[in-house]
Amino acid sequence: MIKNANKSVAFIFTQAPHGSAVGREGLDALLATLAFTKNKNIGVFFVADGVLQLLPQQQPEKILARNYIATFNLLTLYEVKKCYLCERSLQQRGLSKTNNWLLTVEILPLADVRDNLKQYDTVLTF
């Protein structure tokens, strides 16, 4: 847990939603941080295969996986406003920028993702 509640924290999701528990663990850490701090300076970034976390209409039950993806919607309840998708990651995976994402996100060029991350005191990658 972050010791100073006023520090800015970035959560980076880099893994696909199925095949490992990394995405779920990152979401759990993010929700715990939101629940136990009053810190509003939290950013959430989806890069590389992490952009797949926010694809709508996933059907994890067809591959016998647990469905935690919809839980990302809780970020709106916590009023997380800084959610970003990497434009290059979308292009590399043949995904449209206008997809019906599970969250309201801002799509940023890779250079802007890097610059934006420099503004955070703590960066956690999942």
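User: Let's start with one cysteine. Is C83 buried or exposed?

Analyst: Keep in mind that this is a predicted model. Buried means under 20% relative accessible area, so at 3% C83 counts as buried. C86 is buried too, with a relative accessible area of 2%.

User: How many disulfides does a search of the whole structure find?

Analyst: General idea first: a disulfide is a covalent bond between the sulfur atoms of two cysteines. Here, the search of the whole structure comes back with 0 disulfides.

User: On to the rings. How many aromatic pairs are there in the whole structure?

Analyst: The search turns up 5 aromatic pairs. To read one, check the distance between ring centres and the angle between planes; planes under 30 degrees apart count as stacked. Take F13 and F46: their ring centres are 5.2 Å apart and their planes sit at 15 degrees, so this pair is stacked.

User: Which parts of the chain does the F13 and F46 pair tie together?

Analyst: F13 belongs to strand β1 (residues 9-13) and F46 to strand β2 (residues 42-46), so the pair ties together parts that are 33 residues apart in sequence. F13 is buried at 0% relative accessible area, and F46 is also buried at 0%. Both belong to one aromatic cluster, formed by F11, F13, F46 and F126.

User: Now the charged side chains. How many salt bridges are found?

Analyst: The whole structure has 4 salt bridges. For each one, look at the N to O distance, then at where the partners sit. R24 and D28, for instance, form a salt bridge with their closest N and O atoms 3.0 Å apart. They are 4 residues apart in helix α1 (residues 22-36), so about one helical turn separates them. R24 is partly exposed at 32%, and D28 is partly exposed at 35%.

User: Where do D49 and R93 lie?

Analyst: Their side chains meet in a salt bridge at 2.8 Å, N to O. D49 is in the loop between β2 and α2 (74-77), while R93 is in the loop between α3 (87-92) and β4 (106-108), so the pair ties together parts that are 44 residues apart in sequence. D49 is partly exposed, at 32% relative accessibility, and R93 is partly exposed at 27%.

User: And what does E87 form with K97?

Analyst: Another salt bridge, with the closest N and O atoms 2.5 Å apart. This pair links distant parts of the chain: E87 is in helix α3 and K97 in the loop between α3 and β4, 10 residues apart. K97 is partly exposed, with a relative accessible area of 45%.

Key:
Residues are numbered from 1 along each chain as its sequence is written. This is a predicted model: local features need pLDDT of at least 70, side-chain atom pairs count only at pLDDT 80 or more; totals for chains, interfaces and linings use all residues. Side-chain values use heavy atoms; hydrogens and water are left out. A disulfide is a pair of cysteine sulfur atoms within 2.5 Å. Buried means under 20% relative accessible area, exposed over 50%, partly exposed in between (1.4 Å probe, protein chains only). Rings of Phe, Tyr and Trp (its six-membered ring) pair if their centres lie within 6.5 Å; planes under 30 degrees apart count as stacked, over 60 as edge-to-face and the rest as tilted. Helices (H or I, at least four residues) and strands (E, at least two) are DSSP runs, numbered from the N terminus.
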